[in-house]
Amino acid sequence: MRNGSIPGTRGRVRAVTLLGTPVLHTPCEDVTDFGPELATLVEDLFATMYAAEGVGLAANQIGVPLRVFVYDCPDDEEVRHLGHVVNPRLVETDGVVLRGPEGCLSLPGLEAGTERHDHAVVEGFTVTGEPITVHGTGFFARCLQHECDHLEGKVYADRVTGWRHRRLLRQVARSSWGRGLQPT
């Protein structure tokens with residue numbers, strides 16, 4: 001295997017921002033420079049995602065307010081989807097709306113039943129500026145919607161309502177990392 005052919009091998013692991021950090025709750029800016037700094041950011045995103053054992057990671061989750069995310073996520077048929085999207089736009093969601101367990105590296109150790117469509121289409125660009133379209137079904141569609149939400153300044157907890165939302169907020173307040181956070 002060629003040196004560097006595995007995403008993230010040249011990246012550095014960065015700290016993951018946690019719920020309550022302002023950068024997680026602010027819409028991200030479009031990428032305008034497709035140069036070496038963007039390539040480094042994508043490598044760092046992969047390295048951080050793998051170190052944290054996640055299936056997706058948005059740039060604001062490492063404190064960078066740019067519209068970029070990476071993923072290494074299976075769909076419901078266990079087909080692996082690996083890639084990144086720069087300046088993604090969620091252009092289509094359809095199919096059945098399913099409530100399923102959803103977690104987030106920015107809310108470590110927690111999850112809640114969250115409603116998502118079982119089909120999603122994201123358009124954007126590669127790190128070199130080439131246009132791409134990513135289609136996802138099942139769990140991978142959930143991942144695409146989740147990461148696009150991050151770039152809009154939202155976390156999955158913002159989509160959880162009723163008793164599930166109240167329970168999640170109690171769990172955040174009891175967590176070692178969430179003490180002192182005000183309920184939203």
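**Close-up views of a predicted model**

View 1. Phe46 counts as buried, because its relative accessibility is 3%. (Buried means under 20% relative accessible area, exposed over 50%, partly exposed in between, with a 1.4 Å probe and protein chains only.) Tyr50 has 30% relative accessibility, so this residue counts as partly exposed. Both residues lie in helix α1 (residues 36–51), four residues apart, about one turn of the helix. (Helices, H or I of at least four residues, and strands, E of at least two, are DSSP runs numbered from the N terminus.) An α-helix has 3.6 residues a turn, so residues three or four places apart point the same way.

This is a predicted model, in which local features need pLDDT of at least 70 and side-chain atom pairs count only at pLDDT 80 or more, while totals for chains, interfaces and linings use all residues. Residues are numbered from 1 along each chain as its sequence is written, and side-chain values use heavy atoms, leaving out hydrogens and water.

**View 2. Aromatic pairs.** The whole structure has four aromatic pairs. In one of them, the rings of Phe46 and Tyr50 have centres 6.0 Å apart and planes at 25°, so they are stacked. (Rings of Phe, Tyr and Trp, the last by its six-membered ring, pair if their centres lie within 6.5 Å; planes under 30 degrees apart count as stacked, over 60 as edge-to-face and the rest as tilted.)

**View 3. A cluster of Phe69, Tyr71 and Phe140.** These three residues form one aromatic cluster. Tyr71 and Phe140 are both buried.

**View 4. Helix α2.** Helix α2 covers residues 138–151. How far apart are its end C-alpha atoms? They are 21 Å apart, which agrees with the 20 Å that 14 residues should span at 1.5 Å a residue. (The expected span is 1.5 Å times one less than the number of residues.) Of the 14 residues, 13 are buried. Gly153 follows α2, with a positive phi near 85°.

**View 5. Cysteines without a disulfide.** The structure holds zero disulfides. (A disulfide is a pair of cysteine sulfur atoms within 2.5 Å.) For Cys104, the closest cysteine sulfur is in Cys143, 11 Å away and therefore too far for a bond. For Cys148, the closest is also in Cys143, at 9.3 Å, again too far. Cys148 counts as buried, because its relative accessibility is 6%.

**View 6. Glu92 in strand β3.** Glu92 sits in strand β3 (residues 80–103). Its contacts include His119, Ala120 and Val121, not counting residues up to four places away in sequence. (Contact means heavy atoms within 4.5 Å.)
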